[in-house]
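Good morning, and thank you for the time.

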Amino acid sequence: MNITRPIGVVLLLVATLPAQESAPAWSRRKFAAPPAQVFTAALKSIAAQNHTVKHTDETTGEIFFHVGTTAWSWGYNMVLTVSREKDNSSNVSVETTRSGGKAVSWGSGQKEVRKIFDGIDKYLDKSSSPN
């Protein structure tokens, strides 16, 4: 019995499985404000950039939204999650999937995520300044 072929098939299958990757650093940020305040600022930031909110869940801190076509992509589906830290600050992460798949979309969504984070900073600054 030739065992070489079955071993080769197993190695090929293992090599083609997607690697479990942690979220890239650019898709996560910590904010010094409580989660409810960050969640509201995130919604404002997403709306200001004309992205389409599909669903929100304040209980889980999730915002599901779509980013339209860009120069590098047919768009992205994103899930922004706000989670509470022990010091009442917030961690925000954004998961990104390409609408058109890798074959027709080359971007990562990094630029769009950074704009959302910058918008959150802007709206948190506005909410904390006395007017």
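Among contacts in the protein between residues at least 6 apart in sequence, what percentage join residues at least 24 apart? The figure is 51%, where a contact means heavy atoms within 4.5 Å.

Some ground rules come next. This is a predicted model, in which local features need a pLDDT of at least 70 and side-chain atom pairs count only at pLDDT 80 or more, while totals for chains, interfaces and linings use all residues. Residues are numbered from 1 along each chain as its sequence is written, and side-chain values use heavy atoms, with hydrogens and water left out.

Let me turn to confidence. The pLDDT is the predictor's confidence in each residue, from 0 to 100. The protein averages 82, and 74% of the residues score at least 70. Among the elements, helix H2, residues 35-48, has the highest mean pLDDT, at 98, whereas helix H1, residues 4-16, has the lowest, at 43. Over residues 6-20 the pLDDT is below 50, and this stretch has zero contacts in the model beyond near neighbours in sequence.

Now the overall architecture. The protein has four helices and five strands, which are DSSP runs numbered from the N terminus (helices H or I, at least four residues; strands E, at least two). From the N terminus on, the order is α-β-α-β-β-β-β-α-α. The protein has 131 residues, of which 29% count as buried; buried means under 20% relative accessible area, exposed means over 50%, and partly exposed lies in between, with a 1.4 Å probe and protein chains only. The exposed surface comes to about 8800 Å², and carbon and sulfur atoms supply 56% of it. That area comes from the Shrake-Rupley method with a 1.4 Å probe.

In which order do the five strands lie in the open sheet? They are arranged S1-S5-S4-S3-S2, with antiparallel pairing; two strands pair if DSSP finds at least two bridges between them. The edges are S1 and strand S2 (52-57), each of which pairs on one side only. On average, neighbouring strands of this sheet are turned by 20° against each other, direction ignored. Strand S3, residues 62-67, runs antiparallel to S4, and six bridges join the two. Histidine 66 stands opposite asparagine 77 in S4.

Helix H4 lies across S1, S3, S4 and S5, and runs at about 5° to S1. For such angles, axes are lines fitted to C-alpha atoms, for helices over the stretch in contact, and the values run from 0 to 180 degrees between N-to-C directions.

Valine 82 is found in strand S4. Is valine 82 buried or exposed? Its relative accessibility is 7%, so valine 82 counts as buried. Leaving aside residues up to four places away in sequence, valine 82 touches several residues, including Pro35, Val38, Phe39 and Val92. The C-alpha atoms of valine 82 and phenylalanine 31 are separated by 9.7 Å, although the two residues are 51 apart along the chain.

I come finally to the charged pairs. Side chains of opposite charge can pair when their charged atoms come close. A salt bridge here is a side-chain nitrogen of Lys or Arg within 4 Å of a carboxyl oxygen of Asp or Glu, and a search of the whole structure finds three.

Arginine 29 and aspartate 118 form a salt bridge through their side chains, at 3.8 Å from N to O. Arginine 29 lies in strand S1 (residues 28-31) and aspartate 118 in helix H4 (residues 110-128), so this pair ties together parts that are 89 residues apart in sequence. Aspartate 121 also forms a salt bridge with arginine 29, with the closest N and O atoms 3.2 Å apart. That pair again links H4 to S1, across 92 residues. Arginine 29 is partly exposed, at 27% relative accessibility; aspartate 118 is partly exposed at 45%, and aspartate 121 at 31%.

Lysine 30 forms a salt bridge with aspartate 87, with the closest N and O atoms 3.8 Å apart. Lysine 30 belongs to S1, whereas aspartate 87 sits in the loop between strand S4 (76-84) and strand S5 (90-98), 57 residues apart from lysine 30. Lysine 30 is partly exposed, with a relative accessible area of 48%, and aspartate 87 counts as exposed at 53%.
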